[in-house]
Amino acid sequence: MAGTHYKKNLIIFLITTALVALLLWLVYSFEPSLRAYFVDGVRDPQMHDAAGASYDNVFKITKIVLWMFLFIIVIRALNALIFGFGFRLRKGYEAPNLVRNTFSIIAYIIIFAVLFKRFYPATDLGAVLATSTIFGVIIGLALQDTLGNLFAGISLQADKPFLVGDVIVVGQFSGVVESITWRGIKIRTFQNHIVLISNSSAGKESIEVCPRDNLNARLVFFNTLYTDSPAKTIHIVREAVREADNVSPKIRPIVRIRNLGDSGVDYEVKYWLDDYAKYNDTDALVRQRIWYAFRRAGINFAFPTRTLQIERKVRGDAMRADGSEFIDRLNAVDIFAPLSAEETARLAKNSVRRVFAPGETVIRAGDEGSSMFVVHEGKVKVQINDNGKPRTVTVLNEGDFFGEMALFTGEPRTANIVAAEETEVLEIGFQAMKHLFDTNPDLVEALSHTIAERRAELKAKSEDSAPAEIESAGVLAAVKRFFGIS
Ligand code: CMP
């Protein structure tokens, strides 16, 4: 393709050069005979001089035009050779049009000045141009826009705020830059249209540039019902978007809540693109991935609807359930093993489900506590304060319990409990436990043992000393005293 293009241009170049050279040769060879015919034939000396002068001028101007023509052809060829072919060889791309045009214009002016001097040595071209106000006004008016574009183009080239291949947004247009010439910028829009923006108007607008070699980001918006968990939504969307084509693996997408909207929770996902020019396709793919991920995870988009709650039993926070779904969970907690089925069912009924976001504090050290908790789903960290910084002593998983120390001894909470991920816990109050204590001495003993063990571990960890002694008997006595058990 490029080869035939060069070949065609070369043939045109050779033919036009030959033609112009031929014309020049004709002019030079026939000049004396024409002069003899037109000028020397005139008898009247005055007429003879006048005819000589105009004859001279006609020939000089014809020669200047023809020479100029020849040089224009040569300069164009040189231009193609240096800035097209040469640049491609050395740098791998052709020089920008603005550079090529500036080179040509300067060369034309120089050649014209030299030719003019050669044929009219007595006339000062500079003075003619400088003193000719009319010439200046004409040039100024005629070239007002062109010169404006040229200078704006020169400053664009000098600043290089964007390059061919970058995506830019100028006014209402956005697209990929195809060329930057001395007249304007050509962009290809995402509808595959060409838009030409003159340099001078681009110079007046603010231009948003998304460079090709930069990791540009996009935002895509979506929403969910209020009943869908944010932590789960964020995790699922992040993973789904990450794997989409053209989403850069270099930066993990960010998913966050933008607003608690009228019909649901509004989110945005921010992701970075390998090729920004394809952002329309990638946005669409990201939305598609979110839809499928929601389908799999049972998360729902929020329609702009009014939600009419006619359900009696609503899933949610701080809500007393009939508890049947918690029975299995409580049965799996070792300290509740001695309880009868009836007692476990009652305990489940008296438990309250609470949900915590990742990083939320469930229990704060030093607070008073009148309930204990069982981890139903998720995990929590037990943290103590180490010189102002939280230090994790241990992590409690599903089926583990916490908060028993303050509940059964009446002392302040001994540690912070923080949700390590989205976590659901079952909260059991003082009354529900007290009731069990009367009939289950084994339970009191098992609990006292755990408390003593944990106390010893806390002591050892907080003082960085050897494991402290597990003092179960003392704890048991204290618990019994606290609950008024003999
Ligand atoms: P409480 O003191 O009421 O509140 C903080 C809770 O952290 C505490 O009850 C225990 O349930 C729990 N806890 C404290 N130390 C440990 C430990 N070493 N291992 C497990 N859990 C602990």
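How many bridges pair β3 with strand β4 (residues 194-198), and in which sense do the two strands run? Five bridges pair them, in the antiparallel sense. The model is predicted: local features need pLDDT of at least 70, side-chain atom pairs count only at pLDDT 80 or more, and totals for chains, interfaces and linings use all residues. Residues are numbered from 1 along each chain as its sequence is written, and side-chain values use heavy atoms, with hydrogens and water left out.

The chain is assigned domain 1 (2-131), domain 2 (161-210), domain 3 (216-297) and domain 4 (314-483). These bounds come from an automatic or database domain assignment. The centres of domain 2 and domain 3, taken over C-alpha atoms, are 29 Å apart. Five residues of domain 2 are in contact with five residues of domain 3; contact means heavy atoms within 4.5 Å.

Strands β1 to β5 pair in a series of antiparallel steps. Strands here are DSSP runs of E with at least two residues, helices are runs of H or I with at least four, and both are numbered from the N terminus. Two strands pair if DSSP finds at least two bridges between them. Strand β1 (residues 167-170) runs antiparallel to strand β5 (residues 207-210), with four bridges between them. β1 also pairs with strand β2 (residues 173-180), again antiparallel and over four bridges. The hairpin of β1 and β2 has two residues between the strands, and G171 takes a positive phi near 55°.

β2 continues to strand β3 (residues 184-189), an antiparallel pair joined by five bridges. I180 is the bridge partner of I185 in β3. Three residues link β2 to β3 in a hairpin.

β13 and β14 are antiparallel and share seven bridges. N385 stands opposite P390 in β14. Two residues separate β13 and β14 in their hairpin, and N387 in the turn has a positive phi of about 55°. β13 is also joined to strand β16 (residues 416-419) by four bridges, in the antiparallel sense. There, V382 has I417 of β16 as its bridge partner.

The ligand has 16 residues around it, of which G403, E404, A406, R413 and T414 come nearest. A residue is near a molecule if one of its heavy atoms lies within 4 Å of it. A polar backbone atom of G403 is 2.8 Å from an oxygen atom of the ligand. For A406, a polar backbone atom is 2.9 Å from a ligand oxygen atom. R454 contributes a polar side-chain atom, 3.2 Å from an oxygen atom of the ligand. On its own the ligand has 450 Å² of accessible area, and the protein covers 98% of this. Accessible areas come from the Shrake-Rupley method with a 1.4 Å probe. β14 (389-396), α12 (404-409) and α14 (441-463) are the elements that give two or more residues to the shell. The shell holds nine nonpolar, three polar and four charged residues. Asp, Glu, Lys and Arg count as charged; Ala, Val, Leu, Ile, Met, Phe, Trp, Tyr, Cys and Pro as nonpolar; the others, Gly among them, as polar.

Key:
Polar contact = N/O pair within 3.5 Å; in protein donor to acceptor, adjacent residues only side chain to side chain.
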